[in-house]
Each structure stands twice: as C-alpha cells, then as structure tokens.
Amino acid sequence: MSSLDDLKERFIADSRATWERLQESTAYNQMRDRYENMTPAMQKLTLIGGVALVTLLVLSIPYGKYTQSTEYVGEFESKRMTIRELLKVSRESSDVPQIPQAPSMDMIRNNVDNQIKAANLLPEQIQGTEIQENNSNLVPKNLTEGLLQVSLVKLNLRQVLDLGYQFQSINPSVKLKDMIMTANREDGRYFDVVYKLVALAVPAPPAPEPMEPSRGRKNRNSGDE
C-alpha cells in the first residue's frame with residue numbers, strides 16, 4: 001500500500017513541477033496575457049474552444065485505434081477467405097481421378113470388333129472400322145493418339161444406344177467424339193450410324209526414382225567385415 005502512495009505522491013510532485021515550469025515559460029505568459037486582455041465573451045469562447053480541442057484530441061486516440069483495428073480485421077477476413085478458397089481448390093484437385101493411358105489404336109479396334117460381334121449384327125450391317133488421324137478442331141490433334149471410325153447400318157434405336165455406350169466404356173481415355181445418325185434409305189425404321197472414337201494422349205506417369213541404400217547400413221556392413 002505504501003508503494004502505491006509513493007507513486008501517487010511522485011506523480012503529484014512531477015505534475016506540480018511540470019506546471020510550475022510551464023508557468024515560467026515565455027509562451028505560457030504570452031498566452032495568459034492575451035487571454036486576460038480579451039473581453040469576457042472572447043474568454044468564454046476561447047475556453048470552450050480549448051476544451052473542445054482537448055476533448056477532440058483525447059477522443060481521436062481511441063478512434064484512430066478503432067479505425068486501425070477495423071482495417072486489420074478486414075484484412076484478416078480477406079486473407080482467411082483466400083486461404084479457404086485455396087484449400088478448397090487443393091482438396092478438389094486432389095480428388096480428381098487420374099486418367100490412365102489409352103490403349104493402342106489396334107487394341108481399341110480389336111475391342112470394338114469384339115463388341116460388334118457380341119451384338120449379333122448381320123455381316124451386311126457392318127461397314128467396317130477404320131483408323132484415321134484426328135482432323136477435328138473439337139479435340140486438338142496433339143492431344144489425341146488417333147481416331148477410330150466405326151460405320152454400321154440398319155440399326156434399331158436400342159442397338160444405336162447400346163453400342164454407343166459400350167464404345168464409350170472401353171477406357172476412360174477413349175471418348176466418343178461424334179455420332180452421325182441418318183435414316184436408312186431402304187427402311188426408315190432403322191438408322192445408319194457412324195461412331196467416331198478418339199484416344200486421348202495422356203502423358204505417362206514419371207518413373208519412380210531408384211532408392212539409394214542408406215549410409216548407416218553401408219557403414220555397418222563395412223564395419224562387420
């Protein structure tokens with residue numbers, strides 16, 4: 001308790017000494033003389049203005065801190081939202097399945113031929129399968145391994161859909177780029193269909209680096225010898 005009283009007395013003494021030095025200063029005496037030479041109305045206005053100025057200075061300190069803290073909070077919220085978006089994109093990118101490499105065009109052609117045979121089509125319904133270069137602007141040429149064109153005639157609607165689904169399911173890297181349907185000239189109940197399949201050029205995954213033997217194990221072996 002005595003230490004608190006000592007601090008209080010020291011503060012009062014320092015304040016009194018500061019006030020005495022202020023009274024002895026030239027600027028203070030000049031301001032006091034000017035104040036005493038004013039009319040009572042001017043003295044009142046000056047006093048009110050001084051009190052208002054001091055009040056404004058006192059209030060400006062917490063207001064400035066409040067404004068600065070508001071800016072800090074806004075900046076923090078903005079950065080937090082950015083970090084959340086980055087984490088969301090990172091999670092979504094990691095959830096995307098890896099697309100395997102497409103089989104060779106000959107393997108795709110053999111697979112398609114087997115599916116056509118399994119559909120029990122008549123020989124006259126099979127116009128043939130042909131490996132071509134991809135000249136379409138829909139999928140750039142440098143992003144594909146090639147294009148397989150499958151021409152079939154006199155298919156009913158069920159056969160058109162089933163074969164298209166089977167061709168699309170050959171491999172995740174084999175896509176049905178186009179399907180051209182026209183009514184058969186001999187029988188309008190059937191359709192002549194041209195399927196166009198593209199094999200995407202998926203880059204091969206990097207080969208794993210060979211693991212180097214640990215130095216500790218090598219040193220142990222050399223010590224045993």
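Of the 225 residues of the protein chain, 17% count as buried, a term that denotes under 20% relative accessible area, with exposed meaning over 50% and partly exposed in between (1.4 Å probe, protein chains only). The model is predicted: local features need pLDDT of at least 70, side-chain atom pairs count only at pLDDT 80 or more, and totals for chains, interfaces and linings use all residues. Residues are numbered from 1 along each chain as its sequence is written, and side-chain values use heavy atoms, with hydrogens and water left out.

**Overall organisation**

The protein chain contains 6 helices and 4 strands; helices (H or I, at least four residues) and strands (E, at least two) are DSSP runs, numbered from the N terminus. Read from the N terminus, the order of elements is α-α-α-α-β-β-α-β-β-α. Among contacts (heavy atoms within 4.5 Å) between residues at least 6 apart in sequence, 63% join residues at least 24 apart. The protein chain exposes about 18000 Å², of which carbon and sulfur atoms supply 58%; accessible areas come from the Shrake-Rupley method with a 1.4 Å probe, and for residues only the protein chains shown count as cover.

**Helix H4**

Helix H4 comprises 14 residues, 105–118, and reaches 20 Å from its first C-alpha to its last, close to the 20 Å expected at 1.5 Å a residue. The expected span is 1.5 Å times one less than the number of residues. Met 105, Ile 108, Val 112, Gln 115 and Ile 116 of H4 are buried. Seen down the axis of H4, these buried residues fall within an arc of 100°, so they line one face of the helix; the arc is that of the directions from the helix axis to the C-beta atoms. On the other side of H4, Asp 106, Met 107, Lys 117 and Ala 118 are exposed.

The cover over the buried residues of H4 includes the following elements.

| Element | Residues |
|---|---|
| Strand S1 | 126–132 |
| Strand S2 | 144–155 |
| Helix H5 | 157–168 |
| Strand S3 | 174–183 |
| Strand S4 | 191–200 |

After H4 comes Asn 120, which has a positive phi, near 60°.

**The aromatic pair**

The structure holds 1 aromatic pair. Rings of Phe, Tyr and Trp (its six-membered ring) pair if their centres lie within 6.5 Å; planes under 30 degrees apart count as stacked, over 60 as edge-to-face and the rest as tilted. Phe 167 and Tyr 195 form this edge-to-face pair, at 5.0 Å centre to centre and with 85° between the planes. The pair links distant parts of the chain, since Phe 167 lies in helix H5 and Tyr 195 in strand S4, 28 residues apart. Phe 167 counts as buried because its relative accessibility is 0%, and Tyr 195 is buried with a relative accessible area of 0%.
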